[in-house]
Amino acid sequence: MKVLVVNQWPVNLGDRAMAHFMIRELIRNGIKNITISTGNPYYWSDLHNFAKTNIQFIPFGWSVCPKKPRPIGLLGKVWFHIKGIIYAKICIPLVQRALIRDICPWYIRFLCSKKYWDAVEWADLVISGGGHRFTTLLVPDVRTHSMFDITIALLRKKPVALWSQTIGPLEFTNNKNRDFIKKILLNNSQIVIRDEGSEKELKKLGVLMDHVSKTRDSVFGLFDTVSYTHLRAHETSLHLV
């Protein structure tokens, strides 16, 4: 089986811990063909824990992230901002309409990065790593790169699993955006939540619970693979080993 893990921010320590847990558990279950979709593959160059495993790192489908962590200058920043607006105002509405209509028009291919498109085609299973992805607390109507990338996988008719997720709170500005997020949640093969509040939010949204199960936050699964270096009495450094 070939697995694509999506929505991983490389500079977010929680995402790195989640990715480490998922890679380890996939390997334990005999799955070694793993691709990680991340904001900047450069930041994963220090991942040496799984040298014997075929792990590839690719950019997001929402391809507005810089390829290297270097100063991009004023023009680069302006272009980066313009690309972000294009994705938010044009690309997300297009994939939103396609998903609600349950079609995948030819032009969808050209809205995302080629590497991500090819990785979705290659994958037998797509997993969105846990976190607080489905909430309007940070971005109105959850119009984010995470929703864009998950939608691309759903439009390609790939089985998608949401792992160790927190859902909500969700407050939408209009019914179209609400229906979009509901459609994403309904179309996922499996939703695994990590708190009781998420179950309430799903029921409030009208999502059936037949494909929803519960787990704990995945960082608790790293208890046997971490070492602690005490810096001061109130300060601790955590290392994955």
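## Exercises on a predicted model

In this predicted model, Gln-96 is in contact with Arg-143, Lys-176, Asn-177 and Phe-180, leaving aside neighbours within four places in sequence. Let's work through some exercises together.

**Exercise 1.** Find the helix that holds Gln-96, and decide whether Gln-96 is buried or exposed.

*Solution.* 
- Step 1: Look along helix H2, which covers residues 73–101; Gln-96 is found there.
- Step 2: Take the relative accessibility of Gln-96, which is 4%.
- Step 3: Buried means under 20%, so Gln-96 counts as buried.

**Exercise 2.** Work out how many disulfides the chain has.

*Solution.* 
- Step 1: Recall that a disulfide is a covalent bond between the sulfur atoms of two cysteines. The cut-off to apply is 2.5 Å between the sulfurs.
- Step 2: Apply that rule, and the count comes to 0 disulfides.
- Step 3: Check Cys-91: its nearest cysteine sulfur belongs to Cys-112 and lies 9.4 Å away, and Cys-91 is in no disulfide.
- Step 4: Check Cys-104: the closest cysteine sulfur, again in Cys-112, is 9.3 Å off, so this is too far for a bond.

**Exercise 3.** Is each of these cysteines buried or partly exposed: Cys-91 and Cys-104?

*Solution.* 
- Step 1: Cys-91 has 6% relative accessibility and so counts as buried.
- Step 2: Cys-104 has a relative accessible area of 34%, which means that Cys-104 is partly exposed.

**Exercise 4.** Describe the chain as a whole.

*Solution.* 
- Step 1: Count the elements: 6 helices and 10 strands.
- Step 2: Turn to burial: of the 241 residues, 45% are buried.

How values were computed: Residues are numbered from 1 along each chain as its sequence is written. This is a predicted model: local features need pLDDT of at least 70, side-chain atom pairs count only at pLDDT 80 or more; totals for chains, interfaces and linings use all residues. Side-chain values use heavy atoms; hydrogens and water are left out. Buried means under 20% relative accessible area, exposed over 50%, partly exposed in between (1.4 Å probe, protein chains only). Helices (H or I, at least four residues) and strands (E, at least two) are DSSP runs, numbered from the N terminus. Contact means heavy atoms within 4.5 Å.
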